[in-house]
Structures are given as structure tokens and as C-alpha cells.
Amino acid sequence: MTYWPVIAVDAWIGLVLVSIIKVTLILVGGSLGMMFLTWYERRAIAYMQDRRGPNRVGPQGLLQPVSEAIKTMTKEDITPLDADRVVHFLAPVVMLGATVLAFAVIPWGNLFPSSLRVGVLFIFAVTGLHTVGMLMAGWGSNNKFALLGGMRGVAQMVSYEIPLLMALLPIILLSGSLSLTDIVTRQGDWYGFGWYVFSPVGLTAFITFFIAALAEGERTPFDIPEADSEIVAGYLTEYGGMKFAVFYLSNYMTNLALCFIMASLFLGGGNGPGVTALGTVLGGLLSLVYFFIKALALFFLMVLIRGTVPRLRVDQLMGFAWKFLLPIVLVNVFSTAIWVAITRWGPQAQIFTDWFGEPASDNYLRYGVAIVVTLIINLLAVYAVMRINRRQPSDLTEEEIALGLAG
Amino acid sequence: MNYVVLTIFFLLSALTLGSGIMVVTVKNIIHAALWLISTFVGVAALYMLMEAEFLAIVQVLVYAGAVSILVLFAIMLTRQITGTGTRQLHSRWWVAMLTAAALFGGVIVPTVWQQGSSWDKTASDAQAILVQQATEANGGTRPEIIPVAGTEELGAALMGEYLLPFEVVSLLLTAALIGAILIAFEERTRRRRVLTLAEELALRKRGIVEPHDEEGAVVPVDAEQAV
Amino acid sequence: MLKTEELQVNIGPQHPSTHGVFRMLVTVDGETLVDLKPVFGYLHRNHEQLGEVNSYLQNMPFTDRLDYFNSMVNNHAYARAVEQLAGIEVPERAQYIRVIMDELSRILNHASALGFLLGDMGAWQTSLLWGLREREKILDLFEYVSGARMMCNYSRFGGVARDIDDYFISEVKKLMQGLPRYFDEFERLLVENEILLVRAKGVGVLPKELALSYSVTGPLLRGSGVPYDVRKAEPYAVYDRFDFDIPVGTVGDVYDRFLVRVEEMRQSYRILEQALQQMPEAEGGHINPKVKQQSLKPPVGESYARVESPKGELGFYLVSDGSGSAYRYKVRAPSFINLSALADMCKGYKIADVVVILGSIDIVMGEVDR
């Protein structure tokens, strides 16, 4: 009894120290990851465009982001005369804060900074605060382009958050948990290949989530808030120097976070062959390798899309979210419920047991039936949505096209 | 309660209340909306302190991330955005204050009256019940973390005990949504529309020379036929 | 009547997608464009007045600076105007050289114009850089033959400044081996691209009648479905000896202009093939040796000569009073006249379409402001 305060203090210090170390690691890791991503994107896109990309500073130009960080830090910090100084200053802070908060629960391989029971929701709650930063930047700059960009950005983020979260629901249904830790561990079956993307519902969820994530991370073809050919730089127009760099940092860290999340939710995180067999330390390292390969592959896909396609228009963007993505993700939630019922329901539905046998992880009949049924439902949904959304060009007369009814 | 926790609690309460006061006192309406976001985040942090993670996150997701943005959007779309703020307190502010105070009193006084003396006891009783439930769920041993009204309980409550209110609320929201769409649709047909070159030409070919209304704005053909 | 607040936005003069120092004073209602007022003159260099002070030959390098993408075509048009004024014969070989340069210019111009158009749509420079890659190869050829990449100053009265040699021809043939691959690649990447379709189809429609009454020319007019091309309508140089088609659009939207440009590159390729085949049999040298270039004094009179520049009909009007410099010098710049349709074409579309429509017109401010 006399000793407990000492122990408590010790535990306190330990807790604080561990937290500080974790926070430092997240911040350093996130920033380094962002730096690497900018270099990676520029090199990759340069090769798509018959260029070399940055290759002078450091080996293979790897230190280019460092030199650019120094450049932006030493630049003059400009605030427009009529801008709302406080709001203008706080906007990048809010943006970066929201991104860094999300990193608190995002796993790195099989290593988890903190295990929140509702981790998945937490990520999207805090990244949702990006909209606040965007609106603050757009309004606080006292610039029409900035305001237009801010409004566009917010409208886009709010619209795409719905399909984004809806696309997530199947994963939550499949894993039965909102915790990223659980979701990742549950994908470790079948020699580390029990990834959710390998089921029809998971695949649909992954594709829709990826598209919505492109919009959420303001990547081409959804980079409308900062469409440089239309509204200069959107809400970033009046930002320069360090503040601009902070926006940039936040943007790329968001993309990094989205890649990590997608890798964790759909591609099994750090799971892969040999992770469990190698034990905690070696297996952990291997999981980190697997994880980064997956995340970088996803990011490469984003870069590939950026290097290929033009940008959508604002109304087309909204239409795509509401008329195309949303119905598909809704149907996908439904077919996920069917998947869960067919693969897991034992006593709840005796009829399934009678037909397909007891639910078990090696009852392949149940899985086969589930795959066929959900695949059919999802394909039908995609087909129907495409049919409804796209009238064949031949259905339109020339005059109708001229009247702008085609778009 | 731990002193550290108490300190944090008071800091968060000060943040929440302070920004709440700022919401109603600042002159710039956008600033007021931004302070509102800060209030919401403060409330979320208070939930977090009470270990109601799910509630805290939903608070951020719904209120700080969505509702406040809608408020900001509505302000920006309906007001002159670039103008300076207007005065927020109107002449009968004290009526509003009295009403607010009366409502707050109406909630807090009976609670304190009834539970004030046995507050700590109630809290410890509730804790005991929770611990017992968690122990039972864990198969007899006391689990390390005692879950407080987690996602599962909330989900079960919404889908079980409170199914009817839940459905009523969702029906209400659907009705509101349909109403909003209807209003938007009606106004879309009456809305001023700028014709493109091709549309103008097509209209001229059909013999409709100047489809303007009395205010000089262009109206689409369909609306004309409807009238 | 529901009314929303209108917002006036200046796009330009310093703006990434105005293709130079061009300003559009845009009034938007939400995202829809209500009114557009083009403002130009930022690049005014007194070109036409200078043309009345310079001697005829002195003015040749100034024409480079009009449409600085296609200085070869500008030189050609100006030389033709002076030749018509002074009654100068042009040897056949020189005509072939000019045609080769013109068609190379057209490929160069369309490749980069399509790239810029896609850039305006927000494609992150890939198509632009692919276009610029082909452009670089052609510019290297121009540099080899004229000494300058962009400001070629290549035509002379009665011919061209320097003859082309076997090395040049072999290089052109080498280039032409690679071109079809580029066309195919470009078409595969973009022509059926879903996003390009929704961004370009039905956008910026310029109906046939209005296109004619605006007197727009070039791909803009052909995109609207009028098969008008100076190379066919009034064949100059040796264009009547080649077999080529004029691509036309049907609706007159951005997508049609896009397709017309893509097809025109292929047609230019056809012309190049035929020109290279026929050239060895052409008579005469690269220039008419009897012409006094420096001290040319055409007889009193006037002349108007036009060529099909990649951007449209490029015309030069000259009045001579018998002295060493023109009495009146006027340029019919296709970019300027095509630009006059912009304001009406953009009305009613979204603000994001404006830059795309502007990009589809394909203007060069050097030519607009002169």
C-alpha cells in the first residue's frame, strides 16, 4: 500500500514516454513517407512521360524533397492584405492536424500505434475535418479562386465521404469489428492470404473504396478543388512558403494514409505467407515489407491514373458519386449480408446447414455458393447502374446532342 | 477521480464553454460557425474523457465534420460572403437568455434534487454492474478493460429496444430528404438558365425567338410549355 | 424567380490555361457561365505598323513571331503575298520544300495543341509531353534546315533560304517511320477515353450556320461540319498534286475538333509521303535566282495571299506604292478571328468547360495581339 504511488508514477512516466516515442515515430514516419511519396510520384510519372524526373539531389534524386522543404521553409511568409489573418493562418494547421490524428490508429504492417476499438471510424471522423480546413483556407484567403476551390472541395469531400464509408461497411460486416487491429488479424487465415479483396464483396468494396479514396485525397481525376487549369490553385491560391508546404504535406500524408488503410482493410495489411511462421520479430519485419509493397503498389496505381486520365467536371463528379458509386456500394452491403449468412449462419438458419453442411472455414461448398451468389448480385447491380446511367449514343438525335442533352 | 483527469476535464470544459460563448458573441458569422466547430470538438473530447469512444467519434464525424460544414455552406451560399459581419445580438437577447437558462434549470435541478446526495454511490453501483457484466461475458475472470456502452451495445439497443423510435426517426429524415428534393426540383424548373449557342439556335429554328420572361431571364422551353 | 448571386472572376492574364497573356472577364452564376468578355492586347507589338516601315525582306523574320508555333507557315504565306505582288515565279522544288515544311508544322502544331487541350482538361501533362516529344523531333529538323528551332525565317521571295539535302530527307523519313506509332498510341490512349468523352462531347458546340457567320476557319470550322480548307478550295503551291481528305466533324463540339485535329495529322502524313515521293522529279532549285531579295520594289498594286495554317486561314494583305516597303500591311490572323466566337460558345456551359473550349480553339497570343 505504501508503494503504490511510486509504481503509479513509474507507470505514468512509462506511459508518457511510450506515447512520446510513438508520436515522434508517427510524425517522422509520416513526413518521411510523404517525402518519399513525392519523389516516387515524380519519378514514376516522369517515366510515363518520357522524362527523367528529379535525379540530381542525392542518389537518384532521393534528397530532392529535402531540398524543397528547405526552399519552402526559407521563403517569405505572405498573407494577403485583406485576408482574415487568423483563419488564413489556422487553415493549414487544421488540415495537417486532421491528417496526423488519423495516423494515430493506422497500422504499419502488423504494428499498431494504438488500438482503438472504433479505429476505422476514427480515421474517417478526423479526416472529415479536412473540409473545415479547406473552407477556412478558401474563405480566409479573401480570393475568389480560393473560395470557389474551397467550396468545390467541400462539396466533393462531403459527397464522396458517403460512398467511402458505405464501401467500408462490408469489411466491418465481414470482420465483425471496427478495430483496425482486429480487421488485419482476421485476414491472416489461409497461409496469410485471407485478404478480404479475394471475395466478390470485398473486391467490389475495394474498387469503390479506391475510387472514393481518389476523390477524398484530391487525386486526378478528382483533383477539382485545386484544378490548376480552371481556378489557378483552388484554395491554395493565396498560400506560399511554409504554409503551402504544410498543405502539401497534409495532402500527401492523407494519400499515404489512404493507401495504408486500403492495404490494411482489403489487402490484408502485413499478412502474407510466412509472417506467422517467422515469429514476432522477424515476422513483424516481414509484415512491414509486405505492407509497404502493398501500399506502394496502391500508390503506383494512383500515379498511373494521374498520368493517364483528364479531370472530371464538377457536376459529373457529383453525378458519379450519387448515381454510380452509391447504388453499387449499397447493393454491395446487401450482398455482404448474404455472404455472411451463407458462410457463417449455423443454428440461425438450419436450412443452410441442411443444404451446405456446418459452417466452417474448410467448408468450401458454403464459400463456393457464397461466391457465386454475391458475384451474380454485384455484377447485376453494376450492369443495371451502368445501363441506367448511360444512354447509348445512338439513342440521341443529333439535335439532342447539340442541345447538350448528351452530358 | 484522478487530479490529472480532473485538470483535463476542466480544461476541456473551459474550451467548450469558452468557444460556446464566442459563438454567440463574435460579430463575424463565419467566425461564429468556426467557433461552433471548436465547441463540437470540445464536447467530443469530453466524451473521450468519459471513455465513450464511439460517441466521441460520432460527434466529430457528424457534428464537427458534417453539420458545421453544412452550416458554413449555408452561410456562404445565402449571405454576402466577402462582407464584414453583422451584429449577432438582437435587442431582445435577454428573452433568449432567460429561456435558455430556464430550460437548462428544468433539466439540471430535478436531477441534482433527486440524485445529488447519492451521486457517488450511483456511479459506483453502475461501475459494479458493468464490471459484473463484463466478467460474465469474459467467462468468469475480470477483463482488463471494462467496456462502457460500446458499439455492440449501441447497435443492439438501436436494433432491439429502440427499434420503433429509430425507424420513426429515419422515416422522418427520409420525409425531410424527399421534401428537400421536391423543393429543389420545383425551383430548378423556375431557375434562371443560360442557354448555350446550340440551344438558342435550336429554339430559333423551332420558331421560339426570345424565350425570356418579364425579368429578362431566359426560361427553358419545358417550363414555358408547362405554364 | 430564383436568383443566385453572380460572381465575376478574372481568368488571366496570368493564368495557366489562357495560352498566353489573355484575359477572360467571366461572370458566373454558381458554376454556370453567364457572360464572358475577352480582353486582349497584352502582347501587342505593333506588328502591322512595323511591316509598313520595314523593307519587304526585313519583315520576314517578324512574321515568325505571329504564330510562333508555325513560323514556317507564316513565312510561306507572307512570301506568297509578296510574290503575288511582285509577280515572282517560284520554282517547283521550292514549292515542294515549302509544302513539306507546312505539313511538318501542322503535325507539330496539332500534336502540341491536342496536348495542351488535354492539359486544360486536367490530364497531368502526359499527352502534352508525348506531343512535345514529336514536336522536338520536328523542331530539330527545322533547326537543321534553317538554323533556328522556332523562329525559322526560312522562306524567301521566290523560294526558300537554303536547299534541303539528302540527310534532311533521310531524317524526315526516319521521323515518319515513328509517327504512325505516335498517332496510334495517342488514339488508343484518348479517343475512347471515358472521361475525355464526357468532358468533350456536347461541350462548346458551335453550329454550322454560326460557324460560317463568325467566319471562323481551320479545325474549328471543319469540326462544325464545313469541309472548307484553303488547300482544297484554292490550291496553292503544289497542293493540287496530292491526294488527301478533309476531315469534318458533325456536331461542332470540342470532341469533334479533337478528332478533326487527330485526323488532320494523319492526312498531313499522307501529304508528306506523297511530297517526298514526288520531289526528286521537281524542276528548278530551291530559289528563283533572279529575285533581288534585299532591294525588292514591287510595282504599285495590292495583293492578298492566303494559306491553310494549322490554326485556320492565314492571309496577308499588302499594298505597294512602288517603294521598298509596303504602304499597307495587314494580317488576317486565324487565331484572332476564331477567338471572336469564344464568348458565345462558352455561354451556358460550366466554368470548367471554358478553358477546354478555349483550348479547343487553339490560339496563340502572338497572332491575336500582333
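Modeller: Go ahead. Keep in mind that this is a predicted model. One salt bridge is counted between chain A and chain C.

Colleague: What makes Arg133(C) and Asp50(A) a salt bridge?

Modeller: Their closest N and O atoms are 2.2 Å apart. The cut-off is 4 Å, between a side-chain nitrogen of Lys or Arg and a carboxyl oxygen of Asp or Glu. The pair Arg133(C) and Asp50(A) therefore qualifies.

Colleague: Which helices of chain A supply at least two residues each to the side that touches chain C?

Modeller: Helix 1 (4-48), helix 6 (144-175), helix 12 (314-344) and helix 15 (398-402) of chain A do. Helix 6 of chain A has the largest share, with four residues.

Colleague: How do the residues on that side of chain A divide by class?

Modeller: There are 13 nonpolar, six polar and 12 charged residues on the side of chain A that touches chain C.

Colleague: How many residues does each chain bring to the contact between chain A and chain C?

Modeller: Chain A brings 31 residues and chain C brings 38 residues. Chain A and chain C bury about 3,000 Å² between them. Carbon and sulfur atoms hold 59% of that area. Four residue pairs are in polar contact between chain A and chain C, both residues at pLDDT 80 or more.

Colleague: Now look inside chain A. What are its domains?

Modeller: Chain A is divided into domain 1 (1-74) and domain 2 (75-313). Their C-alpha centres lie 16 Å apart. The contact takes 20 residues from domain 1 of chain A and 23 residues from domain 2 of chain A.

Colleague: How much area do domain 1 and domain 2 of chain A bury between them?

Modeller: About 2,000 Å², with 77% of it on carbon and sulfur atoms. Ile26(A), Leu37(A) and Glu41(A) supply 29% of the area that domain 1 of chain A buries against domain 2 of chain A, more than any other three residues.

Colleague: Which helix of chain A gives the most to the side of domain 1 that touches domain 2?

Modeller: Helix 1 of chain A, with 16 residues. By class, that side of domain 1 has 10 nonpolar, seven polar and three charged residues.

Technical notes:
Residues numbered from 1 in each chain as written. Chains lettered and ligands numbered in written order. Predicted model: local features only at pLDDT ≥ 70, side-chain atom pairs only at ≥ 80, totals over all residues. Heavy atoms only, no water. Contact = heavy atoms within 4.5 Å. Buried area = accessible area lost by both parts, 1.4 Å probe. Polar contact = N/O pair within 3.5 Å; in protein donor to acceptor, adjacent residues only side chain to side chain. Nonpolar A, V, L, I, M, F, W, Y, C, P; charged D, E, K, R; others polar. Domains from an automatic or database assignment.
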